[in-house]
Amino acid sequence: MNISPDNKAVIVLRDVEKSFGQVKVLHGVSFEVARGQVTVLIGRSGSGKSTALRCMDRLEKVDAGYIEVCGHVVTDPALELRKLRLDVGIVFQSYNLFPHLTIGENIMLAPRSVKKLPKKEAADLARATLAQVGLGDKFDAYPEQMSGGQQQRAAIARSLAMQPKVMLFDEVTSALDPELTGEVLRVIERLAADGMTMVMVTHEMGFARRIADQLVFMHQGKIWEKGHGSILDAPRTPELQRFAAQEL
């Protein structure tokens with residue numbers, strides 16, 4: 001079931017099932033993400049959004065179904081994880097920066113250890129990605145010297161330094177206050193404008209409506225509606241009606 005050359009889908013989920021113990025979290029989830037498209041997963045906490053995202057990077061193994069990302073069959077037991085993760089960057093709510101390293105050193109770590117880049121080349125790459133997220137002057141700063149919004153932008157730069165084909169964002173602003181949230185969302189908007197293929201989980205509904213090429217509404221582990229941001233204006237299901245009424 002490999003993607004044919006004429007199909008622009010970069011991410012494919014087909015009938016994905018996932019349980020944690022006796023609790024079924026994903027019930028037959030299916031959607032596709034085209035190259036350069038921004039897909040935003042919305043829904044209440046516990047609806048399966050983050051689990052679906054984590055399955056795309058094989059941070060969670062599915063029980064059934066099919067996932068393909070950047071030509072890698074994620075559900076194949078013989079998948080080479082290293083190759084998948086060279087193509088996929090993921091950023092979480094927690095920044096996970098090493099506190100004893102400068103921001104520049106944090107960003108250089110993976111390009112040097114995984115891609116074996118020489119130190120100068122890795123430093124140049126780190127400076128370029130920091131400039132991309134508006135932190136060009138923070139190469140020598142330590143995480144504790146930076147705000148939460150700056151640390152989250154540095155975490156995005158760290159993923160970008162691996163030059164991924166796809167970026168996954170899991171609730172990256174949920175621990176930030178509104179002003180810092182805006183900083184981070186502006187960075188993500190610029191990535192979208194530059195054509196990065198992205199999948200996001202977020203509770204920022206105004207942002208989701210503005211940035212999403214495709215909104216996917218999840219409820220109780222299933223996809224109830226998907227489409228353009230306009231699905232929030234005219235929900236077809238009572239579940240999305242209730243969610244939109246509360247969130248917008």
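The paragraphs below go from the whole chain to single side chains.

This is a predicted model, in which local features need pLDDT of at least 70 and side-chain atom pairs count only at pLDDT 80 or more, while totals for chains, interfaces and linings use all residues. Residues are numbered from 1 along each chain as its sequence is written, and side-chain values use heavy atoms, with hydrogens and water left out.

The chain contains eight helices and ten strands, where helices (H or I, at least four residues) and strands (E, at least two) are DSSP runs numbered from the N terminus. Its radius of gyration is 18 Å, which agrees with the value near 18 Å that a compact globule of 248 residues would have; the radius is taken over C-alpha atoms, and the globule rule is 2.2 Å times the number of residues to the power 0.38. Along the principal axes, the C-alpha atoms fill a box of roughly 55 × 45 × 40 Å.

Among contacts with a separation of 6 or more, 64% join residues 24 or more positions apart, a contact meaning heavy atoms within 4.5 Å. Of the 248 residues, 54% count as buried, that is, under 20% relative accessible area, with exposed meaning over 50% and partly exposed in between (1.4 Å probe, protein chains only). The accessible surface comes to about 11,500 Å², and 49% of that surface belongs to carbon and sulfur atoms; these areas come from the Shrake-Rupley method with a 1.4 Å probe, and for residues only the protein chains shown count as cover.

Turning to charge, the mean positions of the 31 positive and 30 negative charges are 3 Å apart. Lys and Arg count as positive and Asp and Glu as negative, without His and the chain ends, and each charge is placed at NZ of Lys, CZ of Arg, CG of Asp or CD of Glu.

A search of the whole structure finds eleven salt bridges, each a side-chain nitrogen of Lys or Arg within 4 Å of a carboxyl oxygen of Asp or Glu. One of them joins Arg54 and Glu60 at 3.4 Å, N to O; Arg54 is partly exposed at 26% relative accessible area, whereas Glu60 counts as buried at 18%. Another pairs Glu80 with Lys83, the closest N and O atoms being 3.5 Å apart, and here Glu80 is partly exposed at 49%, as is Lys83 at 44%. Asp233 and Arg209 also meet in a salt bridge, at 2.6 Å from N to O. Because Asp233 lies in the loop between β10 (222–227) and α8 (238–247) and Arg209 in helix α7 (residues 205–211), the pair ties together parts that are 24 residues apart in sequence. Asp233 is exposed at 55%, while Arg209 is partly exposed at 29%.
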